[in-house]
Amino acid sequence: GWKQVLAPDAIGWHARSTTRDRSQPGTPVRERRRRRRAIPRHTRRLDWVNTRCAVIKNDRWADLRRSLREIIRREIVVLGYLIIAEPETLLGLLSLVKRLPATLRARRAVQRRAVANMSCWFS
């Protein structure tokens, strides 16, 4: 039911900024932590939960299995950082567990409407 429009000159701005430093790999760790601490706890927690829900809802199991090693490696690094530097963000785990049934229902609806495997677009 969605209409797609190509607008090559369009510029999109994202209001939240919890991962803005990813495009600046040379930024010192101390500076990245300072900038991240400036983002409200609730926003950081919400970003962490939403990222996991988006993967659960939208990624196909076959694609997840193929990328599982990289996903697990990144999640271990993220969890290590959160345990050391932002343990309050891990409270989002409760929200993730609570949202899991609704996310899986949404996943079923999304996957029912899916018509193509994304991997075929990039082969």
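Helices are DSSP runs of H or I with at least four residues, numbered from the N terminus. In this predicted model, R35 and E31 sit four residues apart in helix α1, and are therefore separated by about one helical turn.

- Helix α1 spans residues 29-37 and contains both E31 and R34, which lie three residues apart, about one turn of the helix.
- E31 forms a salt bridge with R34, and the closest N and O atoms of this pair are 2.6 Å apart.
- The side chain of E31 also meets that of R35 in a salt bridge, at 3.0 Å from N to O.

**Pairing of helices α2 and α3**

- Helix α2 covers residues 41-58, and helix α3 covers residues 61-85.
- The axes of α2 and α3 come within 13 Å and cross at roughly 170 degrees.
- Angles over 145 degrees count as roughly antiparallel, and α2 and α3 are therefore roughly antiparallel to each other.
- On the α2 side, the residues in contact are W48, R52 and V55; on the α3 side, they are L64, R74, E75, V78, L79 and L82.

- The side chains of R52 and E75 meet in a salt bridge, with a distance of 2.8 Å from N to O.
- R52 belongs to helix α2 and E75 to helix α3, so this pair ties together parts that are 23 residues apart in sequence.
- R52 is buried, with a relative accessible area of 12%, because buried means under 20%.
- E75 is partly exposed, at 23% relative accessibility.

- A network of salt bridges links R36, R37, R44, E86 and E88.

**A nonpolar surface patch**

- L68, I72 and I76 make a nonpolar surface patch of about 280 Å².
- I76, one of these residues, is found in helix α3.
- With a relative accessibility of 57%, I76 counts as exposed.

Methods: Residues are numbered from 1 along each chain as its sequence is written. This is a predicted model: local features need pLDDT of at least 70, side-chain atom pairs count only at pLDDT 80 or more; totals for chains, interfaces and linings use all residues. Side-chain values use heavy atoms; hydrogens and water are left out. Patches are made of residues with over 30% relative accessible area and no salt bridge: like charges are joined within 9 Å, nonpolar side chains (Val, Leu, Ile, Met, Phe, Trp, Tyr) within 5 Å. Accessible areas come from the Shrake-Rupley method with a 1.4 Å probe; for residues, only the protein chains shown count as cover. A salt bridge is a side-chain nitrogen of Lys or Arg within 4 Å of a carboxyl oxygen of Asp or Glu. Helices (H or I, at least four residues) and strands (E, at least two) are DSSP runs, numbered from the N terminus. Buried means under 20% relative accessible area, exposed over 50%, partly exposed in between (1.4 Å probe, protein chains only). Axes are lines fitted to C-alpha atoms, for helices over the stretch in contact, and angles run from 0 to 180 degrees between N-to-C directions. Angles under 35 degrees count as roughly parallel, over 145 as roughly antiparallel, 65 to 115 as roughly perpendicular and the rest as oblique. Contact means heavy atoms within 4.5 Å.
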